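Here is a short note to read beside the model.

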There are 4 protein chains.
Amino acid sequence: MPGNGEMMPDHKNHDRRSYILTLSCPNRPGIVAAISHALFELGGDIAGAQQFDERESRIFFMRVVFSVPADGIARGGLDVALAQVAARFGMKWSLRENPRPTRTVIMVSRFDHCLVDLLYRWRIGELAIEPVAIIANHPRQTYAHIDLDGIAFHYLPVTAATRGEQEARIADIVRETEAELVVLARYMQILSDGMSEWLAGRCINIHHSFLPGFKGARPYHQAFARGVKLIGATAHFVTPDLDEGPIIEQDVERITHADSPDDLIRKGRDIERRVLARAVRYFTECRVIPNGHKTIVFNP
Amino acid sequence: MPGNGEMMPDHKNHDRRSYILTLSCPNRPGIVAAISHALFELGGDIAGAQQFDERESRIFFMRVVFSVPADGIARGGLDVALAQVAARFGMKWSLRENPRPTRTVIMVSRFDHCLVDLLYRWRIGELAIEPVAIIANHPRQTYAHIDLDGIAFHYLPVTAATRGEQEARIADIVRETEAELVVLARYMQILSDGMSEWLAGRCINIHHSFLPGFKGARPYHQAFARGVKLIGATAHFVTPDLDEGPIIEQDVERITHADSPDDLIRKGRDIERRVLARAVRYFTECRVIPNGHKTIVFNP
Amino acid sequence: MPGNGEMMPDHKNHDRRSYILTLSCPNRPGIVAAISHALFELGGDIAGAQQFDERESRIFFMRVVFSVPADGIARGGLDVALAQVAARFGMKWSLRENPRPTRTVIMVSRFDHCLVDLLYRWRIGELAIEPVAIIANHPRQTYAHIDLDGIAFHYLPVTAATRGEQEARIADIVRETEAELVVLARYMQILSDGMSEWLAGRCINIHHSFLPGFKGARPYHQAFARGVKLIGATAHFVTPDLDEGPIIEQDVERITHADSPDDLIRKGRDIERRVLARAVRYFTECRVIPNGHKTIVFNP
Amino acid sequence: MPGNGEMMPDHKNHDRRSYILTLSCPNRPGIVAAISHALFELGGDIAGAQQFDERESRIFFMRVVFSVPADGIARGGLDVALAQVAARFGMKWSLRENPRPTRTVIMVSRFDHCLVDLLYRWRIGELAIEPVAIIANHPRQTYAHIDLDGIAFHYLPVTAATRGEQEARIADIVRETEAELVVLARYMQILSDGMSEWLAGRCINIHHSFLPGFKGARPYHQAFARGVKLIGATAHFVTPDLDEGPIIEQDVERITHADSPDDLIRKGRDIERRVLARAVRYFTECRVIPNGHKTIVFNP
């Protein structure tokens, strides 16, 4: 389901299986040659590739979309062959069938615009997620108008006293559903450091400001008070360091002196949902690779 | 419900009634003075005003948001007083309680992203519409996942042979619901000239291209074929002259050579829904005044 | 020279004189009526008006573009008549002939992209400034390729020890040239608190970040380090509180992980020059009214 | 000078020579492997690579930035080695030292904002062009304020009767200067079909509209008459089919009903110069590959 011309030439027939390979390793000559040679030997056809040479850390990052004949080498064989190349270069790597929906837990509080938006994009086949659970700290009737279509809904209210227990429940759900991604779709509770660590690299939050401006609570009111002329939203990986996680996507919209805090909140909803949807899509298409406290995003 | 600081100073109390006045007339000195004086005499407090002096046609356009004491002059008295001023200047004018939801018929074909979006914005109180009917040329089950919340749904399929009859039904619905606005939310049937004329100034269509580029059918495929680097969408009043109606709002998004027609359609959905939602909002807030084949949009 | 339809109906003939009136006062009913009535009585024709009702402070702001017959009331008469209205409402007000170029001092350090841009816009008549002096802390040959066209150039180098003396020289120049506006066009020296106070409301700086993100030195390097996905620039009034002055205009551009700090600096130049040029234009057209630590910008 | 991390790892030392390879060929498995293997064998280190698989035409496009040791294989050896790979796959290919300024002829008419902008970017080292000639159909004094810094200036006025002769002169200049690129920087004369053909793929025009809207003359006046809400500019390769050449870059800006044609022209200047500058930069960095009547732009 990746966009931007990355499907195998004729994705209607079933003669080929497609994969997305992502990798990173210390940079040195020959990486691209080794990978592309290995894929060629395995019958692979490269439909798209992106790479980035991080000059500070001398780390090389790559994303390759390729296909093999359906009756060709099996997944296991691919793994073994790629492991050999990886060993030579000290690569961290990951191989994913393409397309395969990302098993996703969506967490939400009272404002449901991001939840509604993600579910709609999922329903029409735009977003390659498989929502395996929705976790809310508000009861089901808060979202009465949403057709959850059988997705498990978990009402997990939380207080300071019950946070530990509630997070344990969340962790259970993530584990039991074999979720690959947790999306904080305007979930307004702060995760504990332990939880954040445990979800590292697989938990995306939407913050309703253009970070690093207006960290913390009520960012639209902060923006109103400061008198900025643009407001924004930021999708980032969750880390224990609140609002400091690696940024995946941001966008902004113009405001004026005449916009009240309520106007900012209204305009913000539009920014939040499109920024979060893009971040989730990039994740499902293996376009995002964490790089310390930053990200590589192999944007289409 | 108008944004951008236009509510009366304390819109929580009920001591004042708020109105939106829009007017146009041949330009000559004294119009603003006459209007503001009349409102002042009536106990009115102007919360916001916008004006435009069209230099080609010498037509003056104005929009005034004002309030009067709740126990002050009645609506009828306002009408009479304003009619007097209007007569002196040859004004076309309109007065509307503020806020009062706009009775709206939404028409839709197979793609429901704009419908879903408008209903969501209505439900959370962002958009001051009151959906009085949904008319579709596909059956209810096409939109099975949408909670219509009691809004009347009319399945009115149409063929070349039945168009006249179908449009008569639509006209009946518009009349019976006393709809003030008809939104073609990706309704893919062309209205007859008669129907377009009858709905003049109160029917908004979303065209999925950046007009005047790519008129007609399959605009995203046209855009793909031409190799443009941005695609867009256009909300406009419907007129008999297809895709030539007065433009209310437009927006664009960047694409690349790597985007397939399907990618364009996907990106286009996001543009379409935000452009249409803005146009509808401007209409409900009396911000849009047709001006021949163009529009005045007193943008917030 | 104001854009957006604000010239008198026929600005080619010389039958009318045009003015821009800006005012602010505690809000109460009747202000618009009083102003428009007074102007009407004086033979004035309102070509454009904008107003804003600041709900927190209950301050009302207004900008009116109007014209009077060339052989009508003299400037002095206007002043007296407006002073009468102003007294009734406790208005702060200002009246300016329209168009009249704003006498402007431009200050610059090594990077001259904003200077070059402002001078170009001035030369082709786009920007209604009259550059009365250029002050640089680098010598004339740094800008050897720029045709200053007779504008006085002052080389005022500065060290910690000579700052006071240098600022006194700057103040002399501002005073002697009767400058109405001082533009810090990438002038990389921090003005003293006294200087900032003295220039309050008439000194615009361009900061090379999207404030309030990345205050202080080397903002593009800060942005690179943080891994943001958009960078920006901010034009603001200078105040003693560095990078906290009232914001006039901001804009952003998209960046990616692949952009080096040098790429950010390059993209930033484009943002800086357009943001600063817009802010200066708004100032020359009396569109900017300081409002505490925020601004009203009656944007066209 | 290419941005976005594509310089060799340590571009300050002179131990390596850098090149940009662009190629296209019918798509089949093994292309990337063959190229990357060949480069590896030659001692090459790939700093960046981008590829695109055009699914309609089954043409594969690639751009590779790589370096070889300064004391390694000579340019001639590279050519021979690459020619061998190219022959196997039927490649069209091109190899260019990186960075090497693009020898550029700039053509201009009365409006010089794009000329001034390109020269400024060149002067500060932002744009890797070497302006070898400026050709104008207005005399030198039209551009009196521009420091041409020794660039040859050719005043070549043109009438219907002298067009053939004038174009012959232009062709001579292009040939004698060994220009690689001709930029029509608001050159308002239409090139003959023969001239357009002769310059195919190396002549970039800036059209002052968002094509395909508003082809032909006075596009801003067309846009004003139509009442669009955004205006744009388009940089495209020149072809005999006027305003139909392959599009390289486009951008837009928001306008309102209040903008006069003069306001559109003013806003348009900003769009034009940034769109043209980007297109020229992409060209100089070998990011643009014509693909029939479209382009591949390996955008950073």
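**Note on the sheet and the chain pair**

1. C:R103 stands opposite C:E130 in β6(C). The strands involved are β5 (residues 102-108) and β6 (residues 129-136) of chain C, parallel and joined by seven bridges. Strands here are DSSP runs of E with at least two residues, and helices are runs of H or I with at least four, numbered from the N terminus; two strands pair if DSSP finds at least two bridges between them.

2. This is a predicted model, in which local features need pLDDT of at least 70, side-chain atom pairs count only at pLDDT 80 or more, and totals for chains, interfaces and linings use all residues. Residues are numbered from 1 along each chain as its sequence is written, chains are lettered from A and ligands numbered from 1 in the order written, and side-chain values use heavy atoms, without hydrogens and water.

3. In chain C, seven strands form an open sheet of mixed pairing, ordered β7-β6-β5-β8-β9-β10-β11. Because β7 (153-155) and β11 (247-254) of chain C are at the edges with a single partner strand each, one side of each has no neighbour in the sheet. From one strand to the next, the twist averages 20° (axes are lines fitted to C-alpha atoms, for helices over the stretch in contact; angles run from 0 to 180 degrees between N-to-C directions).
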